[in-house]
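Subject: A structure for you to explore

Hello,

Here is the structure I promised to pass on to you. Please open it beside this email and read along.

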Amino acid sequence: MTTRRWERRHLAEALVKGMMYFSIGLVAGSLALILWTVVIRGIPAMSWEMVSMPPEGGYFMGKGGGVLNAIIGSLYLASGGTLLALIFGLPIALYLETYLGESPWGRYVRLSLDVLWGIPSIVYGVFGFTLMLAIGLRASLLAGIIVLALLELPIMVRAMDEVIRRMPVDLEQAALALGSTKLEVALRIVTRQMLPGIITAVLLGFGRGIGDAASVLFTAGYTDRITTSLLRPTASLPLAVFFQLASPFPEVQKRGYASALILTVIVLVISLGSRWISGRLSRYTIK
Amino acid sequence: MQSDAEKGSMDAPTLKARGPAAEGDPHIRVRNLNAYYGKVQALTNINLEIPKRQITVIMGPSGCGKSTLLKTFNRFLELTDGAKLSGEVLLDGQDIYAKDVDETEVRKRVGLLAQRPSTLPMSIYDNVAYGMHVHRMKRSRKEYKEAVRHYLEIAGLWDEVQRRLHDPATSLSIGQQQRLCLARGLAVEPEIILGDEPTSALDPISSLNIESRLLDLKRVYTTVIVTHTLRQAKRLADYVIYMYLGEVIEAGAAREVFSNPKHDRTKAYLEGQF
């Protein structure tokens, strides 16, 4: 073996590798910094009161209470939006795969979904608001759920589409060869193979939904009460963060960071939980 | 290699032969069978008799319709878009394409060993139990357990997997996966085993292992294998079908066809002129 000579191609290799490490460091570093800020600034204002009580009068001027209204509101909004998006999204994904496939129409639908994915959420918010005016619906949990469903739909459908496209063709035939009916193949084989991926898709949608402030600003409104009706306005964590950070009072700002921490923890718990479930389920899937 | 094959047949439980082999009615009878993919004719006027409890090997160059013919025996051709078929395929005298025939029942009676092992997304145990569950063939967990063990033993896989029955099937090597597919297919108690180049994805030792299973199993099952390797055909075949461009050129007892082919095309193929 001769020693390696530093030719141009080796230099290029080292350069590209260096750039990759730099990018990874940059992304991981930013993430760590964000988490660090939220945790360090949020912890001091964190208390049992924050997560167990709605705001009392004068909360936004530094008086007592918590953001339970926003926690519950956000969970309602994101769960409702995700459920609605799944109800409409799964058939779209299945239709895309089984009927449209790689046809021109299939490509148009995928392109439209990708474009929808890139539209800023404030546009969804305004669109929802216009729609609400037209049908006479006021800012409410229901309106928020509908707009969040629209927001989550593209990312969910595209993620499920990828899962379904990766379904091995041989698998169905193997089950059919044993004398299964098509329903048995769908329920016992296809579902088992795809469920982990579908859970991931749902999670992506949920994550986008629960963290979004702009789309619920006009559509769900805000209230200091815990919402009990689909037709009443509801609070949400992203807006709670926004309102508190915009406050001139330092103690209210601190609570803004605490609210952000709560939101982060919710997303983290749900992510890790579904990762764990889908990991358990995907133990047997065919890669 | 030889010892591996012998060992395999030793630890397999004794298979009870179902009556004398070969004599009597053919197991599968094909009458005036034509098949089309869209407008392309893939099979032309096939008439055949496939003997009971022997290994029938279908040979021929690529694209001659071997696999298509095989797919007509378990009603798999209809899974291909645009495939059409006319004529009859009789299983013990009953046409499997008759109107009142349930295709899942046909596929239970006619097992398939595919080109590449395609395990189901579940554990080793559940792969074997799946078909039995679907057809509700056993009554208790104990019966299922015994049956799973039985068929894994027949497939020569039991010793290798008995301590890891609940591992994913994908954790097995590809040769083991193919034997698992064999066990899975046998578990629904078919009468016929179809093999569509069942060893083409395997290494030589795994291939010989599968071959020795098939030779072992022919006492019980009628077996039809598509292969493109002549040497494998010679090792396995009791009965040979030679196809060319969608037609059966020659069919007969292996010894006769291999030693004294009647048709020029068969002769050319056997001499390696393709």
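Domain bounds here come from an automatic or database domain assignment. For chain A, that assignment gives domain 1 (8–45) and domain 2 (49–284). Taken over C-alpha atoms, the centres of these two domains of chain A are separated by 27 Å.

Some ground rules before we go on. This is a predicted model, in which local features need pLDDT of at least 70 and side-chain atom pairs count only at pLDDT 80 or more, while totals for chains, interfaces and linings use all residues. Residues are numbered from 1 along each chain as its sequence is written, and chains are lettered from A and ligands numbered from 1 in the order in which they are written.

Chain A

How many helices and strands does chain A have? The secondary structure comes to 11 helices and 0 strands, where helices (H or I, at least four residues) and strands (E, at least two) are DSSP runs, numbered from the N terminus. Along the principal axes, the C-alpha atoms of chain A fill a box of roughly 70 × 60 × 35 Å. Of the 287 residues in chain A, 36% are buried (20 or more other C-beta atoms lie within 10 Å of the residue's own; with 12 or fewer it is exposed, and in between partly exposed; C-beta atoms are placed from the backbone).

Among the buried residues of H11(A) are A:Lys254, A:Arg255, A:Tyr257 and A:Leu263. The buried residues of H11(A) pack against helix H1 (8–42), helix H2 (48–52), helix H3 (68–100) and helix H10 (237–245) of chain A.

Where chains A and B meet

Two residues are in contact if their C-beta atoms, placed from the backbone, lie within 7 Å. The contact takes 20 residues from chain A and 24 residues from chain B. On the side of chain A that touches chain B, the elements giving two or more residues are helix H7 (169–177) and helix H8 (182–210) of chain A. H7(A) provides the largest share of that side, 7 residues.

By class, this side of chain A has 9 nonpolar, 6 polar and 5 charged residues. Here Ala, Val, Leu, Ile, Met, Phe, Trp, Tyr, Cys and Pro count as nonpolar, Asp, Glu, Lys and Arg as charged, and the others, Gly among them, as polar.

A sheet in chain B

In what order do the 6 strands of the open sheet of chain B lie? The order is S6-S7-S8-S3-S9-S10, with mixed pairing; two strands pair if DSSP finds at least two bridges between them. The edge strands are strand S6 (110–113) and S10 of chain B, each of which pairs on one side only.

Strand S9 (residues 239–244) and strand S10 (residues 247–253) of chain B run antiparallel and are joined by 6 bridges. B:Tyr239 has B:Ala253 in S10(B) as its bridge partner, and B:Tyr244 stands opposite B:Glu247 in S10(B). The hairpin of S9(B) and S10(B) has 2 residues between the strands, and in this hairpin B:Leu245 takes a positive phi near 45°.

Enjoy exploring!
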